[in-house]
Amino acid sequence: MSYATEPTFQHGSAPRVGVLLVNLGTPDAPQTDAVRRYLAEFLSDPRVVEIPRALWLPILHGIILRVRPAKSAAKYASVWTPEGSPLAVWTRKQATLLQGYLGERGEQVVVSWAMRYGRPDMAGALDQLKQQGCDRILVLPMYPQYSGTTTASVWDGLSDWCATQRNLPEIRFVKQHHDDAAYIDALAARVTEFWQREGRGDHLLLSFHGVPERTLHLGDPYHCQCLKTGRLLRERLGLNKDQMSLSFQSRFGKAKWLEPYTEATLKALAKRGVKHLQVFCPGFPADCLETLEEIAIEGRHDFLQAGGQRYDHIPCLNDHPAWIRALVDIVQRHVAGWPTRREQQPRPAELEGQRLQALAMGAKA
């Protein structure tokens, strides 16, 4: 097996620490061909669809990739921005802000970002970090709640890249941060500020991305972590159980997924007499197709058609300062012990002085 060519080694260079934010993915453009390429990669991952390949791949390539890309492209077009895909735009901004906030705290790290599916891809981002001299890399999946369908797939992508490397960097990996105090504070700050600006509704619905129910019974902690995030946020906001509820969106296929489903919950709340509903998606750190189209557009239609009168989509964390500070806290905890501060980095002249001193001591001995 051949391995990737290693960057040229610079003698006397100080070790550097890299941080890689990894989000799910997005097509390059809101066009059918681009969406087809993206969905082919995404839905081919056995972490995402746990159906035997011999059964699933003919369905994927023979039916789904012939029908779904055009419909999905139209949905992407409805939320696309002049800067590109909302998910890519926000993830890039988060990486840029994280670099700056860490620098303000004296942390000398290199922050980059990538997508598990699509571009920029993980392998390319990891290669760039190595090229910049990073021999210690922290990988931070942008999924607060752990799931084998998402977080574990990032680990798979990391492992695939490691298999191509001759000289491996030291790696650390953030598994989850669903109950991190700063994360909960950031969620609460986003909701509270929205209330201060737009008024508080009759009910707050937290919508998380759904996964097949069988994953819960097979040991995936995602469902439990979503419930814990919801409980902590409700307590932080001072709401009782009647003022807030939780649901799961984005069901795909005919199998039973985690319940209650968001679409059904929206209709049920309207029929129950909720006139002003506000929906927030704590599991999505950045606004994307699932929040801007499925929740903000389709969800609004479902609620109003069922008899509701006012519907608000509360934006995701995006570039909220409290969220960036939460990311800083998470990164600092996980890079503890690594040489991230400038004063910890010996200069080449100091290294040479230490070498000569050691030689002199050896001669005296």
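Me: Which hand does the crossing have where α3 passes α11?
Reply: Helices (H or I, at least four residues) and strands (E, at least two) are DSSP runs, numbered from the N terminus. A crossing is left-handed if the near helix is turned anticlockwise from the far one by less than a right angle, and right-handed if clockwise. The crossing in which α3 passes α11 is right-handed.

Me: What pLDDT do side-chain atom pairs need in order to count?
Reply: Numbering starts from 1 along each chain as its sequence is written, and side-chain values use heavy atoms, with hydrogens and water left out. This is a predicted model: local features need pLDDT of at least 70, totals for chains, interfaces and linings use all residues, and side-chain atom pairs count only at pLDDT 80 or more.

Me: Are α3 and α11 roughly parallel or roughly perpendicular?
Reply: Axes are lines fitted to C-alpha atoms, for helices over the stretch in contact, and angles run from 0 to 180 degrees between N-to-C directions. Under 35 degrees counts as roughly parallel, over 145 as roughly antiparallel, 65 to 115 as roughly perpendicular, the rest as oblique. The axes of α3 (residues 86–104) and α11 (residues 321–334) come within 9 Å and cross at roughly 65°. The two helices, α3 and α11, are therefore roughly perpendicular.

Me: Which residues of α3 meet α11?
Reply: Contact means heavy atoms within 4.5 Å. On the α11 side are Pro321, Trp323, Ile324, Arg325, Leu327, Val328, Val331 and Gln332. Meeting them from α3 are Gln94, Leu97, Leu98, Tyr101 and Leu102.

Me: Is Leu21 buried or exposed?
Reply: Leu21 sits in strand β1 (residues 16–26). Beyond its neighbours within four places in sequence, Leu21 contacts Gln94, Ala95, Leu98, Ser112, Trp113, Ala114, Leu140 and Met142. Buried means under 20% relative accessible area, exposed over 50%, partly exposed in between (1.4 Å probe, protein chains only). At 0% relative accessibility, Leu21 is buried.

Me: What is the relative accessibility of His177?
Reply: His177 lies in the loop between β4 (170–173) and α6 (181–198). Apart from neighbours within four places in sequence, His177 is in contact with Leu140, Pro141, Tyr143, Pro144, Tyr183, Trp323 and Ile330. His177 counts as buried, with a relative accessibility of 3%.

Me: At roughly what angle do the axes of α9 and α10 cross?
Reply: The crossing of α9 and α10 is right-handed. In the contact, α9 supplies Thr262, Glu263, Leu266, Lys267, Leu269 and Ala270, and α10 supplies Ile295, Gly299, Asp302 and Phe303. The helices α9 and α10 are oblique to each other. Their axes come within 8 Å and cross at roughly 40°.

Me: How many residues apart are Lys256 and Glu213?
Reply: Lys256 and Glu213 form a salt bridge, with the closest N and O atoms 3.5 Å apart. Lys256 is in the loop between β6 (244–249) and α9 (262–272), while Glu213 is in helix α7 (residues 213–217). This pair links distant parts of the chain, with a separation in residues of 43.

Me: How many salt bridges does the structure hold?
Reply: Bridges that share partners join Asp135, Arg136 and Glu170 into one network. The count of salt bridges in the structure is 20.

Me: Which residues does the UniProt annotation "binding site" cover?
Reply: UniProt positions are given in the numbering used here, feature names are shortened, and annotations may be inferred rather than shown by experiment. The entry is unreviewed, and its "binding site" covers His209 and Glu290.

Conventions:
Salt bridge = Lys/Arg side-chain N within 4 Å of Asp/Glu carboxyl O.
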